[in-house]
Every structure is written in C-alpha cells, then in structure tokens.
Amino acid sequence: MKKANTLPEALNVMGITYRMVYHDNIAELGADEPFGWISTKKREMHIWTGNGVNFAWTTILHETLHAIGDLGRLAILECDGDKNRNHAEIDALATILADVLLRNDLVKR
Ligand SMILES: [Zn+2]
C-alpha cells in the first residue's frame, strides 16, 4: 500500500461511499482493467499505486466516472471492462480531471 497515506480511505460519490483498496502489485488487479477496477455491488474501488500518486488519482477518477455512470444510469460511462466502447474517452476525461485537480492543489499528494 505505497503512498496510500495521501490517497482517500473512502470516496463519496453522489452520497454513496466507496471503500478504497490500494495495490502496489499490479498483478493483483487482473487483466480487464489493469490499473484499477470498481465493484458497484461491494462499493469498492481497487487502485494500483505502483506508478505514483498522480497516476493513482487518474485511476481513481476513471473509476469515479464508472460510479457516476452506474449511479446516474449514464450508459456512456458504464463499467463493463473493455467491452465499453467509450473507454478511450473515459480515460481522457479521467486524465483531464486529474490534471485540473492536481495542478490546482485540490487533492492531496
Ligand atoms: Zn474502466
């Protein structure tokens, strides 16, 4: 659990609290979404931390977009692994959002 001390232990998205689970070892995460994944049923996000806090934030925001897709019934943000044809756009949105939050010191790192 490297550098997880600056990352949130839980994340509230639209009133739903997700437990955050951090992994140094990328092999623990599985192949479908290698840098992170979300279980909307268990309300957990699993995030790889091996590439530093900034990258972890990008992954957290990627999974947050999936949470928003699930809670808001927004099919374009759905979480279904690589079957979601919008994954490139979701990645771009997560990268841009993380950049804005990090550049403006709106998140801890
Ligand atoms: Zn995804």
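This is a predicted model: local features need pLDDT of at least 70, side-chain atom pairs count only at pLDDT 80 or more; totals for chains, interfaces and linings use all residues.
Isoleucine 60 belongs to the largest nonpolar core, a group of 20 residues in which Ile47, Ile60 and Leu61 touch the most other members. The elements that contribute two or more residues to this core are strand S2 (16-23), strand S3 (36-39), strand S4 (44-48), helix H1 (53-71) and helix H2 (87-103), and of these H1 gives the most, with 6 residues.

That brings me to the overall layout. The protein has 2 helices and 4 strands, and, if you read along the sequence, they follow the pattern β-β-β-β-α-α. The 4 strands make up an open sheet with mixed pairing, and their order in that sheet is S1-S2-S4-S3. The edge strands are S1 and S3, each of which pairs on one side only, and neighbouring strands of the sheet are turned against each other by 25° on average, with direction ignored.

Let me take two of the pairings in turn. S1 and S2 run antiparallel and are joined by 4 bridges; within this pair, asparagine 12 has threonine 17 in S2 as its bridge partner.

How many residues does H1 have, and how far does it reach from its first C-alpha to its last? H1 has 19 residues and reaches 26 Å, which is close to the 27 Å expected at 1.5 Å a residue. In its placement, H1 lies across S1, S2, S3 and S4, and it runs at about 30° to S3. After H1 comes arginine 73, whose phi is also positive, in this case near 50°.

Asparagine 5 sits in the segment before strand S1 (10-13). Is asparagine 5 buried or exposed? Asparagine 5 counts as exposed, because it has 10 C-beta neighbours inside 10 Å, and the cut-off for that class is 12 or fewer. From asparagine 5 to phenylalanine 55 the separation is 50 residues in sequence and 15 Å in space, taken C-alpha to C-alpha.

Finally, some figures for the protein as a whole. Buried residues make up 28% of its 109 residues. Among contacts between residues at least 6 apart in sequence, 58% join residues at least 24 apart. Along its principal axes, the C-alpha trace spans about 30 × 30 × 25 Å. As for the radius of gyration, a compact globule with 109 residues would have a value near 13 Å, and the protein has 13 Å, so the two agree.

How values were computed. Residues are numbered from 1 along each chain as its sequence is written. A nonpolar core is a set of buried Ala, Val, Leu, Ile, Met, Phe, Trp, Tyr and Cys residues joined through C-beta atoms within 7 Å. Two strands pair if DSSP finds at least two bridges between them. Axes are lines fitted to C-alpha atoms, for helices over the stretch in contact, and angles run from 0 to 180 degrees between N-to-C directions. Two residues are in contact if their C-beta atoms, placed from the backbone, lie within 7 Å. The radius of gyration is taken over C-alpha atoms; the globule rule is 2.2 Å times the number of residues to the power 0.38. The expected span of a helix is 1.5 Å times one less than its number of residues.
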